[in-house]
Amino acid sequence: GRDNDYFALIDTDEFVVPMKFFTNTTHSSIHGVLEEYLVPFGGALVVNWMIFGTGNKTRYSPIPTTKRFQFREEEPSGVVKTIAKITDFVRKRTPHSVFVRHPALVRTTKEPGYVHKEQFEKNGATDADLPGDVLLLYHYRYRSVKEYRIRRCHRGEVNGSFKGCD
């Protein structure tokens, strides 16, 4: 059914955020963005990260992540995550990207139908165009120092490394 046509490769420290309330775009929900940028084309859609920092917080607090951490980078990150149409999905390339069936393509939110210039590195996929006016993936990468160390030591990095663990 319609509720199961698409899936996203996102983590628990990431939030999909339509930019309508911050820019002059028309979509106030993920559904509207998908209807314009993914549904007509199929395949997959990459969404750039917006990195949030620690705000100098060193310890965990039982307050929602989005309230605890309010400071972010000025520009979107080049790193992307992917939303894919299930019937076009072939397999995962990295935790950030997928392979899609020919003739389907991977697109971006730069403009409807704009094809992603596929760039891959060992840590994931990137989009140097940095589109951020329609949809972003708010990534609370660091949170408190203690939470960041736990994440890096228990889950590890995308490339399989475990850094800062002793």
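Reader: To start with K110, what is its relative accessible area?
Author: In this predicted model, K110 has a relative accessible area of 42%, so it counts as partly exposed.

Reader: Which side chain meets K110 in a salt bridge?
Author: The partner is D129, with a distance of 3.8 Å from N to O. K110 lies in the loop between β7 and β8 (119–121), whereas D129 lies in the loop between β9 and β10, so the pair ties together parts that are 19 residues apart in sequence. D129 is partly exposed, at 32% relative accessibility.

Reader: And K117, with which residue does it form a salt bridge?
Author: K117 also pairs with D129, and the closest N and O atoms are 3.4 Å apart. This pair links distant parts of the chain, 12 residues apart: K117 is in the loop between β7 and β8, and D129 is in the loop between β9 and β10. K117 counts as partly exposed, at 46% relative accessibility.

Reader: How many salt bridges are there by this count?
Author: The count comes to four salt bridges. One of them joins K81 to E14, with the closest N and O atoms 3.0 Å apart. K81 belongs to strand β4 and E14 to strand β2 (residues 14–18), so this pair ties together parts that are 67 residues apart in sequence.

Reader: Are K81 and E14 buried or exposed?
Author: K81 is buried, with a relative accessible area of 3%, and E14 is buried at 4%.

Reader: Let us turn to strand β3. How many of its residues are buried?
Author: Eight of the eight residues of β3 (residues 44–51) are buried, so the strand is mostly covered by the under 20% criterion.

Reader: Which way does β3 run relative to β4?
Author: The two strands run antiparallel and are joined by five bridges. Within that pairing, A44 stands opposite A84 in β4.

Reader: In which sense do β3 and β7 pair, and what about β10?
Author: β3 pairs with β7 in the parallel sense over two bridges, and L45 stands opposite R107 in β7. Three bridges join β3 to β10, and these strands also run parallel. There, W49 stands opposite L137 in β10.

Reader: On to packing. How many residues are in the largest nonpolar core?
Author: This core has 13 residues, and I83 and L135 have the most contacts inside it. At least two residues each come from α1 (30–37), β3, β4 and β10. The largest share, four residues, is supplied by β3.

Reader: Which residues does L135 touch?
Author: Leaving aside residues up to four places away in sequence, L135 touches V16, V17, P18, M19, I30, V33, V47, I83 and T109. There is also a second, separate core of 10 residues, which includes L9, V46, V80 and A84.

Reader: What about the aromatic residues; how many pairs are counted?
Author: There are four aromatic pairs. In one of them, the ring centres of F7 and F89 are 5.0 Å apart and the planes are at 90°, so the pair is edge-to-face. F7 lies in strand β1 (residues 6–8) and F89 in strand β5 (residues 89–94), so the pair ties together parts that are 82 residues apart in sequence. F7 is partly exposed at 24% relative accessible area, and F89 is partly exposed at 24%.

Reader: Which residues of helix α3 are buried?
Author: In α3 (residues 145–154), the buried residues are E147, Y148, R151 and R152. Seen down the helix axis, the buried residues fall within an arc of 130°, so they line one face of α3. The face turned away from that side carries the exposed residues K146, R149 and H154. The cover over the buried residues includes α2 (65–68).

Reader: Lastly, the backbone. Is the peptide bond from H102 to P103 cis or trans?
Author: The bond is cis, with omega near 10°. P103 is in the loop between β6 (97–100) and β7 (106–107).

Methods
Residues are numbered from 1 along each chain as its sequence is written. This is a predicted model: local features need pLDDT of at least 70, side-chain atom pairs count only at pLDDT 80 or more; totals for chains, interfaces and linings use all residues. Side-chain values use heavy atoms; hydrogens and water are left out. Buried means under 20% relative accessible area, exposed over 50%, partly exposed in between (1.4 Å probe, protein chains only). Two strands pair if DSSP finds at least two bridges between them. The arc is that of the directions from the helix axis to the C-beta atoms. Contact means heavy atoms within 4.5 Å. A nonpolar core is a set of buried Ala, Val, Leu, Ile, Met, Phe, Trp, Tyr and Cys residues joined through side-chain atoms within 4.5 Å. Rings of Phe, Tyr and Trp (its six-membered ring) pair if their centres lie within 6.5 Å; planes under 30 degrees apart count as stacked, over 60 as edge-to-face and the rest as tilted.
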